[in-house]
Protein chains: 2
Amino acid sequence: MSKQLSAIGCDIAAHMTVPDGQAEIEQAIRYLAPQCDALIVSGGLGPTEDDLTRQALAAVLGVELELSEEWLQAMLAFFQKLNRPMPEKNRIQAMIPKGAKMLFNTCGTAAGIRATLRKDEGGRMKDESSSLHPSSFSLQPYSTEIFVVPGVPKEMKAMFNNDVLPWVKERSGGAVILQRTLHTFGMGESTVAEKLGPLMDRKRNPSVGTTVSGGLVSLRVNARFPSFEQAEAQMESTTDACKKALGDLIFGQDEDTLPKVLALLLNPHAGVQKARTVTTAESCTGGLVAKLLTDIPGSSEYFKMGFITYSNKMKYERLGVSEQIINTYGAVSEPVVDAMARNAKRLAKADFGIAISGVAGPTGGSATKPVGMVCFALAYDKAKDDVATTLRTFTFPGDREMIRDRAAKMALTMLRFHLLGQPLPF
Amino acid sequence: MSKQLSAIGCDIAAHMTVPDGQAEIEQAIRYLAPQCDALIVSGGLGPTEDDLTRQALAAVLGVELELSEEWLQAMLAFFQKLNRPMPEKNRIQAMIPKGAKMLFNTCGTAAGIRATLRKDEGGRMKDESSSLHPSSFSLQPYSTEIFVVPGVPKEMKAMFNNDVLPWVKERSGGAVILQRTLHTFGMGESTVAEKLGPLMDRKRNPSVGTTVSGGLVSLRVNARFPSFEQAEAQMESTTDACKKALGDLIFGQDEDTLPKVLALLLNPHAGVQKARTVTTAESCTGGLVAKLLTDIPGSSEYFKMGFITYSNKMKYERLGVSEQIINTYGAVSEPVVDAMARNAKRLAKADFGIAISGVAGPTGGSATKPVGMVCFALAYDKAKDDVATTLRTFTFPGDREMIRDRAAKMALTMLRFHLLGQPLPF
């Protein structure tokens with residue numbers, strides 16, 4: 001609901017979950033109503049004893065519940081269609097606060113409720129001295145539209161779309177809010193923020209904020225303007241400004257993921273032209289890079305084969321990495337991933353070979369090769385019969401899971417920059 | 001967090017989400033604190049301008065922020081380890097309200113905060129007449145422990161476990177609540193519930209409930225007794241009763257995962273005796289089985305090599321699965337996984353070979369091989385120079401991600417039952 005409301009320019013003042021008790025629900029309605037133009041309450045409209053939302057709303061409104069004859073008839077018809085008598089318990093589902101409007105439930109037996117809560121000067125709170133007092137919201141008369149919708153997702157969604165969304169749209173009074181999220185990988189949140197500079201000014205519109213999840217630093221851009229055209233134009237220009245500040249560090253937006261973006265880069269003309277193919281030779285990530293690549297439906301176009309060579313012996317026997325290189329440089333070294341990437345590429349007849357070897361921990365680290373240190377190689381055709389590699393070594397913080405995750409994302413990022421024809425910025 | 005708190009007998013008074021504004025966060029703290037013994041605030045501890053939780057808390061406490069020299073040093077050390085200077089912006093992450101306690105972040109740069117908010121009679125609200133007034137909670141002095149933890153899930157979880165949960169447990173007063181979760185994989189929730197029968201009676205103590213997550217059906221056992229000894233004894237006897245009802249379907253408890261349990265079965269005498277080894281030949285799961293096996297530290301003892309043969313050509317060229325078998329039966333067939341498992345086992349010189357080939361979807365299904373159909377083979381040494389295979393075909397519901405996840409878990413489950421010397425119960 002929040003997502004859809006945001007999309008049409010509605011600010012979400014708060015979201016709150018409370019236990020199934022009448023006092024708790026009443027208190028939540030009393031606290032939240034003064035803060036907003038519309039309050040949506042979901043759940044507690046069932047036929048059992050712990051369904052108390054309609055009672056709580058009636059108490060806040062200061063009215064009794066009364067039977068909606070219209071909904072009772074609808075329920076009776078519903079049960080008749082199922083060839084079952086209506087259980088007596090369901091009768092409560094046709095009760096709504098006096099003066100409120102009954103909202104039709106198109107796929108269940110719980111009627112929804114729409115009511116207006118008005119609070120004039122007489123009802124406002126007096127104690128301005130208390131620091132615990134949410135005074136900023138309660139010192140003026142207000143009118144809040146309260147919508148009670150079922151908790152069952154299917155019923156909730158239908159009623160939200162039929163009865164709530166149209167009301168909010170009508171009331172949005174001009175302001176249109178657009179939202180977009182831009183994703184980056186490879187630099188820390190503070191570095192990204194520094195590069196964005198004044199774009200992150202809190203008072204800027206569109207605003208730009210950063211969030212971090214799974215090693216991705218994402219920019220959340222919100223544009224709020226009187227018209228859709230303005231909002232869209234401003235969103236575009238702020239997006240462009242972010243891209244100018246961060247360049248190809250931004251790999252996608254909204255639902256984009258690194259594997260999705262790579263799928264498009266490897267296979268841009270799906271069905272028309274053959275994809276470029278990639279193979280993986282993984283040690284410490286143990287198959288994770290291949291797993292991410294094959295998360296994408298249709299990845300068989302560009303992914304044919306992957307090698308997981310966890311032991312030195314298998315790096316030698318199955319990937320043909322010479323024992324001498326392993327013995328001289330160690331399994332976690334750029335010469336070893338170089339050979340892994342080249343040999344995997346050749347054996348899998350792929351256009352690109354990605355190789356990873358590192359210390360995922362928690363043990364196995366040393367002074368020169370600490371836990372978190374990971375070597376990467378990307379093998380590609382420089383010219384006919386001339387394979388070149390890009391080599392990198394990074395040390396990632398965190399535990400085994402985080403190190404493996406970041407290493408896999410870094411490998412995908414290396415391939416991404418290569419496909420863009422750009423040098424890796426780190 | 002709610003789940004874990006509920007599990008140890010803690011009532012959740014409310015859950016609330018507010019925008020990234022200082023006024024909004026302050027107001028939420030002021031409203032919620034009087035309603036609870038502990039208030040957990042998550043998020044807004046980042047280094048950027050929209051991270052305002054520490055400022056909001058300081059304002060509510062009526063104190064200034066001050067530098068935690070201890071945390072500043074920890075951050076400097078963190079960045080030094082990464083060979084990067086600490087960006088100036090990160091300095092704010094060492095600021096905490098005066099008089100509050102700094103909570104160590106074991107996997108990030110945001111220090112957590114623990115503070116006590118006290119409100120005596122002088123601060124209580126006066127206006128009892130207003131119906132909008134949450135009077136039931138604010139008319140008495142109170143003391144609330146406020147914990148501020150990072151929003152990044154991993155950091156939040158670690159700090160919650162290290163600093164919040166122990167405090168709550170200590171406060172639970174009198175009744176001892178023990179909790180245990182027993183995990184199963186392979187049978188549906190209703191089947192598991194049927195097998196448990198009266199153990200799932202709602203009034204039973206210890207209580208047994210089922211939850212489903214990621215295809216695992218888990219039993220949550222809660223024992224609530226006056227003494228620890230009683231609780232422990234009852235927990236054991238209920239656990240035994242569950243095991244009697246479900247047998248080896250229960251693969252572990254609490255933090256156990258299928259890969260962890262397999263690690264113990266493959267390598268029971270780590271360091272003393274060599275482990276038995278396993279290799280993987282994956283098609284539709286694209287490396288996921290190997291990734292799961294190598295999630296475990298020390299997995300190099302039993303996992304040396306994995307093959308991801310996504311294309312038919314690579315099944316033939318790199319795993320030696322005859323083209324005739326593939327052409328006759330199709331890539332998703334028991335004869336193909338049989339050959340994949342045997343050949344992978346031989347090439348990797350492993351004790352066990354796991355092979356998977358299936359239709360992960362969303363396209364590629366047919367009437368006889370629908371989306372979700374997956375073939376499995378487990379190759380093992382029946383006698384000297386006599387390799388045998390266990391073969392199975394299952395059809396999993398859900399989308400691509402779910403099908404791949406369930407298939408990987410089923411493969412691990414097949415190996416687990418084999419290592420237990422038990423026939424697969426499905």
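Which residues does A:Asp295 touch, not counting residues up to four places away in sequence? In this predicted model, A:Asp295 touches B:Arg400 and B:Arg404. The views below begin with the contact between the two chains and return to this residue later.

**View 1. The contact between chain A and chain B.** Chain A contributes 74 residues to the contact, and chain B contributes 78 residues. The size of an interface is often given as the accessible area lost when the parts come together. Between chain A and chain B, the buried area is about 6100 Å², with carbon and sulfur atoms giving 58% of it.

**View 2. Polar links across the contact.** Between chain A and chain B there are 6 salt bridges. In a salt bridge that joins B:Lys154 to A:Asp399, the closest N and O atoms are 2.9 Å apart. By residue class, the side of chain A that touches chain B comprises 33 nonpolar, 22 polar and 19 charged residues.

**View 3. Strand pairing between the chains.** Strand 13 of chain A pairs with strand 13 (residues 303–309) of chain B in the antiparallel sense, over 5 bridges. Within this pairing, A:Ile308 has B:Gly306 of chain B as its bridge partner.

**View 4. The surroundings of A:Asp295.** A:Asp295 is located in the loop between helix 10 and strand 13 of chain A. Because its relative accessibility is 25%, A:Asp295 counts as partly exposed. The side chains of A:Asp295 and B:Arg404 are joined by a polar contact of 2.9 Å. Within chain A, the C-alpha atom of A:Asp295 is separated by 8.6 Å from that of A:Lys260, a residue 35 residues apart along the chain.

**View 5. Strand 15 of chain B and its partners.** Strand 15 (residues 373–383) of chain B is mostly covered, as 8 of its 11 residues are buried. Strand 14 (residues 352–358) of chain B pairs with strand 15 in the antiparallel sense over 6 bridges, and B:Gly358 stands opposite B:Val374. Strand 16 (residues 386–395) of chain B also runs antiparallel to strand 15, the two being joined by 10 bridges. Here B:Thr395 is the bridge partner of B:Met373. The hairpin of strands 15 and 16 of chain B has 2 residues between the strands, and B:Asp385 takes a positive phi near 60 degrees in this hairpin.

Terms used:
Residues numbered from 1 in each chain as written. Chains lettered and ligands numbered in written order. Predicted model: local features only at pLDDT ≥ 70, side-chain atom pairs only at ≥ 80, totals over all residues. Heavy atoms only, no water. Contact = heavy atoms within 4.5 Å. Buried area = accessible area lost by both parts, 1.4 Å probe. Salt bridge = Lys/Arg side-chain N within 4 Å of Asp/Glu carboxyl O. Nonpolar A, V, L, I, M, F, W, Y, C, P; charged D, E, K, R; others polar. Pairing = 2+ DSSP bridges. Helix = DSSP H or I, 4+ residues; strand = E, 2+ residues; numbered from the N terminus. Buried < 20%, exposed > 50% of the residue type's maximum accessible area, 1.4 Å probe, protein only. Polar contact = N/O pair within 3.5 Å; in protein donor to acceptor, adjacent residues only side chain to side chain.
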